[in-house]
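Please walk through this structure with me, from the whole chain down to single residues.

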Amino acid sequence: MSLTIYNTLTKRKEPLQPLEGKHVRMYVCGMTVYDYCHIGHARVMVAFDVVTRWLRHRGYEVTYVRNITDIDDKIIRRAQENNEPFEQLVERMVAAMHEDEARLNVLRPDQEPRATGHIDGMFKMIQTLIDKGFAYPAANGDVYYRVAKFVGYGKLSRRNISDLKIGARIEVDEAKEDPLDFVLWKAAKPGEPSWQSPWGAGRPGWHIECSVMSTCCLGDSFDIHGGGPDLVFPHHENEIAQSEAATGKQYATTWMHAGAVRVDGEKMSKSLGNFFTIRDVLEKYHPEVVRYLLVSSHYRSAINYSEDNLREAKSALERFYLTLKGLEIVPAVGGEVFVERFTKAMDDDFNAPEACSVLFEMAREVNRLDKQDHAAAAGLAARMKELAAVLGILQLEPNDFLQAGAEKRMDAAQVEALITARLAARQNKEWAESDRIRDQLTALGIVLEDGKDGTGWRFADQ
């Protein structure tokens, strides 16, 4: 069975057929770095991290490019509010983004181009579009793209140009020929960062950035273009129009879009007060809990971010780590049927929820085997971790997860001392004292687990 991917462009699943042997070239629209990344950004980060991990696991060479938009209206406005150079704001936010993705166990892209590093390339593409009649310099110093000239406009989003014209209008400071035309180069405004161009001082429009960065890094045509659900129109539609008009070639073969994040069933929005940065969330929940919440839903599905769902994610990981606890680190052995089912799920448009259900079945089998054949259980557990690695989960030492956050509540040595005192009370048949210590630990949110190898412990919540 070949690996299939749902293509937003064709609205169907299609076999992955790289343009160049087993080399997959993938571009994903990254962050505009004017603020800390939010949980919606985490969704896109994690989704395409899993895609990259699985493709490499299946033997593909992957060149993964994710850009950084480091100049736009929001960045300029935030830098002015902070009274700092926009470059300084960008560097702080990029560093914070890298910290956030590292905590979520997201691998860094192979290339991370920045818009301001590709200004010359933008000049070249814009001039090509002008020469071909797809763009025009306007009297106000802007350069616009002629949407009506591109025959395939709307093919990604399934929008009709005639319908788009209804309600479209031209702002008083614009000099467009048509309300649907979009800006490629913006004339400089007083006090804004600018670059000298053939059309005067200014800065790039948003859409041209990605067309230039993607084709510079991956070539005129490449295999996968991805991004968040809000980018299908107009951003990705405009990228196609620019790139294909400039090169005369198909831009990207497959278009992938991650699902939206909703908060308690509502769209995440600062105005609704339900907006969470990754940092906000990781203050309260272990990073792997957040990652598991994101990977346990299909990447194309909307995720409902809620306290209940986070608690369920935590509980699921606890079951996995309790299964792994006490098992030696050994080479992976057995589990071929599970591997086949896991592979079938992931090859079917990266169906991570089904893959997670296979991992749960493996965990149950490990627990069953451990009662009969400890070595076989350890080998199967290693196989389970091997598969889970492509989802970016279950790679910690069990106690590092189960006892996470101990330093914020009480010293781990204090917990161990109380457990030792309880054991002594039990050995002396001082049952009331043993129960008192257990109750004390329970009140602190600590769950004791008596087993053949002694008493372990974990926190009841993260």
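Start with a term: a residue is buried when its relative accessible area is under 20%, exposed when that area is over 50%, and partly exposed in between, with a 1.4 Å probe and protein chains only. Helices (H or I, at least four residues) and strands (E, at least two) are DSSP runs, numbered from the N terminus. This is a predicted model, in which local features need pLDDT of at least 70 and side-chain atom pairs count only at pLDDT 80 or more, while totals for chains, interfaces and linings use all residues. Residues are numbered from 1 along each chain as its sequence is written, and side-chain values use heavy atoms, with hydrogens and water left out.

Take the whole chain. The protein chain holds 17 helices and 16 strands. Its C-alpha atoms fill a box of roughly 90 × 55 × 35 Å along the principal axes. Of the 462 residues, 53% are buried. Contact means heavy atoms within 4.5 Å. Count the contacts between residues at least 6 apart in sequence: 74% of them join residues at least 24 apart.

Now turn to helix H10, residues 307-324. The expected span of a helix is 1.5 Å times one less than its number of residues. H10 has 18 residues and reaches 26 Å from its first C-alpha to its last, close to the expected 26 Å. Which of its residues are buried? They are Leu310, Ala313, Lys314, Ala316, Leu317, Glu318, Phe320, Tyr321, Thr323 and Leu324. An α-helix has 3.6 residues a turn, so residues three or four places apart point the same way. Just after H10, glycine 326 takes a positive phi of about 85°.

H10 has a partner. Two packed helices are described by the angle between their axes and the distance between the axes. Axes are lines fitted to C-alpha atoms, for helices over the stretch in contact, and angles run from 0 to 180 degrees between N-to-C directions. H10 packs against helix H12 (residues 352-370) at about 35°, with the axes 10 Å apart. The crossing is left-handed; that is, the near helix is turned anticlockwise from the far one by less than a right angle, whereas clockwise would be right-handed. From H10 come Ala316, Arg319, Phe320 and Thr323. They meet Cys356, Leu359, Phe360, Ala363, Val366 and Asn367 in H12. These residues divide into 7 nonpolar, 2 polar and 1 charged. Here Ala, Val, Leu, Ile, Met, Phe, Trp, Tyr, Cys and Pro count as nonpolar, Asp, Glu, Lys and Arg as charged, and the others, Gly among them, as polar.

H12 also packs with helix H11 (residues 336-347), at about 165° and with axes 7 Å apart. That makes H11 roughly antiparallel to H12. Angles under 35 degrees count as roughly parallel, over 145 as roughly antiparallel, 65 to 115 as roughly perpendicular and the rest as oblique. H11 passes H12 in a left-handed crossing. Phe338, Arg341, Phe342, Ala345 and Met346 of H11 are in this contact, and residues of H12 including Ala352, Val358 and Leu359 join them. The contact holds 9 nonpolar, no polar and 4 charged residues.

Compare helix H4 (residues 119-131) and helix H6 (residues 206-218). Their axes come within 9 Å and cross at roughly 105°. H4 and H6 are therefore roughly perpendicular to each other. H4 brings Gly121, Met122, Met125 and Ile126, while H6 brings Ile208, Glu209, Ser211, Val212 and Thr215. They divide into 5 nonpolar, 3 polar and 1 charged.

Helix H7 covers residues 232-247. How much of H7 is buried? The count is 13 of 16 residues, so H7 is largely enclosed by the rest of the structure. Proline 234 lies in H7, and a cis peptide bond with omega of about 5° joins it to phenylalanine 233. Glycine 248 follows H7, with a positive phi near 75°.

Finally, look at the loops. Most residues other than glycine have a negative phi, and most peptide bonds are trans. Leucine 394 is not a glycine, yet its phi is positive, about 65°. It sits in the loop between helix H13 and helix H14, buried at 0% relative accessible area. Lysine 429 is not a glycine either, and has a positive phi of about 60°. Its loop runs between helix H16 and helix H17. Lysine 429 counts as exposed, at 63% relative accessibility.
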